[in-house]
Amino acid sequence: MARILIADDEANLRKVLCALLERDGHDVCTVPDGQIALQTLETKAIDVLITDLKMPEMDGLSLLFAVKKKFSHLPVIVITAHGTVDSAVSALKSGAFDYITKPFDRDEIRLAVRKAVAEQI
């Protein structure tokens with residue numbers, strides 16, 4: 001079981017991801033933006049961060065940069081409906097563990113989380 005933080009401004013997507021990952025036995029926390037995600041990381045032990053790329057307040061790339069400075073060990077999975085080659089390259093070069101475009105296959109997310117958790121061991 002891993003502790004997973006999901007940062008996405010779409011409430012329905014947070015609910016779907018939360019239910020999917022909780023069914024796999026994970027402890028899941030969700031937040032609507034990158035700023036709240038950073039605050040949550042300061043107070044909770046998290047094993048994997050899943051973040052949307054486009055969010056208000058602080059976008060996913062800015063969150064990724066901040067996380068890699070302060071929590072360099074934390075795997076970050078970036079998900080987006082606005083995927084481009086440039087954003088994928090930028091995210092991966094900045095330390096993202098994985099980059100997944102929406103709509104995504106549920107098994108793709110589950111596999112990415114399993115791999116990220118396994119890397120922590």
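E57 is found in the loop between β3 and α3 (60–70), where helices (H or I, at least four residues) and strands (E, at least two) are DSSP runs numbered from the N terminus. Its phi is positive, about 70°, although E57 is not a glycine. E57 counts as exposed because its relative accessibility is 72%; buried means under 20% relative accessible area, exposed over 50% and partly exposed in between, with a 1.4 Å probe and protein chains only.

The model is predicted, so local features need pLDDT of at least 70 and side-chain atom pairs count only at pLDDT 80 or more, while totals for chains, interfaces and linings use all residues. Residues are numbered from 1 along each chain as its sequence is written, and side-chain values use heavy atoms, with hydrogens and water left out.

Five strands, in the order β2-β1-β3-β4-β5, form an open sheet with parallel pairing; two strands pair if DSSP finds at least two bridges between them. The edges are taken by β2 (27–31) and β5 (98–101), each with a single partner strand, so one side of each has no neighbour in the sheet. From one strand to the next, the twist averages 20°. Axes are lines fitted to C-alpha atoms, for helices over the stretch in contact, and angles run from 0 to 180 degrees between N-to-C directions.

Strand β1 (residues 3–7) pairs with β2 in the parallel sense over 5 bridges, and R3 stands opposite D27 in β2. Towards β3, β1 pairs in the parallel sense over 4 bridges, with V48 in β3 as the bridge partner of I4. Between β3 and β4, which run parallel, there are 4 bridges; here T51 stands opposite V78 in β4.

In a regular strand the side chains alternate between the two faces of the sheet. Strand β3 is mostly covered, with 5 of its 5 residues buried. T51 lies in strand β3 (residues 48–52) and is buried because its relative accessible area is 0%. Leaving aside residues up to four places away in sequence, T51 touches A7, G60, L63, V76, I77, V78 and I79, contact meaning heavy atoms within 4.5 Å.

Helices are described next. Two packed helices are described by the angle between their axes and the distance between the axes. Helix α2 (residues 34–43) and α3 pack at an angle of about 20°, with their axes 10 Å apart. These two helices, α2 and α3, are therefore roughly parallel to each other; angles under 35 degrees count as roughly parallel, over 145 as roughly antiparallel, 65 to 115 as roughly perpendicular and the rest as oblique. The crossing of α2 and α3 is right-handed: a crossing is left-handed if the near helix is turned anticlockwise from the far one by less than a right angle, and right-handed if clockwise. On α2 the contact is made by G34, A37, L38, L41 and E42, and on α3 by L63, A66, V67 and K70. By class, the contact of α2 with α3 has 6 nonpolar, 1 polar and 2 charged residues; Ala, Val, Leu, Ile, Met, Phe, Trp, Tyr, Cys and Pro count as nonpolar, Asp, Glu, Lys and Arg as charged, and the others, Gly among them, as polar.

Helix α1 lies across β1, β2, β3 and β4 (76–80), running at about 170° to β2. The axes of α1 (residues 11–23) and α5 (residues 106–120) come within 11 Å and cross at roughly 60°. Helices α1 and α5 are therefore oblique to each other, and α1 passes α5 in a right-handed crossing. V16, L17, L20, L21 and R23 of α1 make this contact with R106, I109, R110 and V113 of α5. The contact of α1 with α5 has 6 nonpolar, no polar and 3 charged residues by class.

A cis peptide bond, with omega about -5°, joins K102 and P103, and P103 is found in the loop between β5 and α5. E119 is found in helix α5 and counts as exposed because its relative accessibility is 57%. E119 and L74 are 45 residues apart in sequence and 10.0 Å apart in space, C-alpha to C-alpha.
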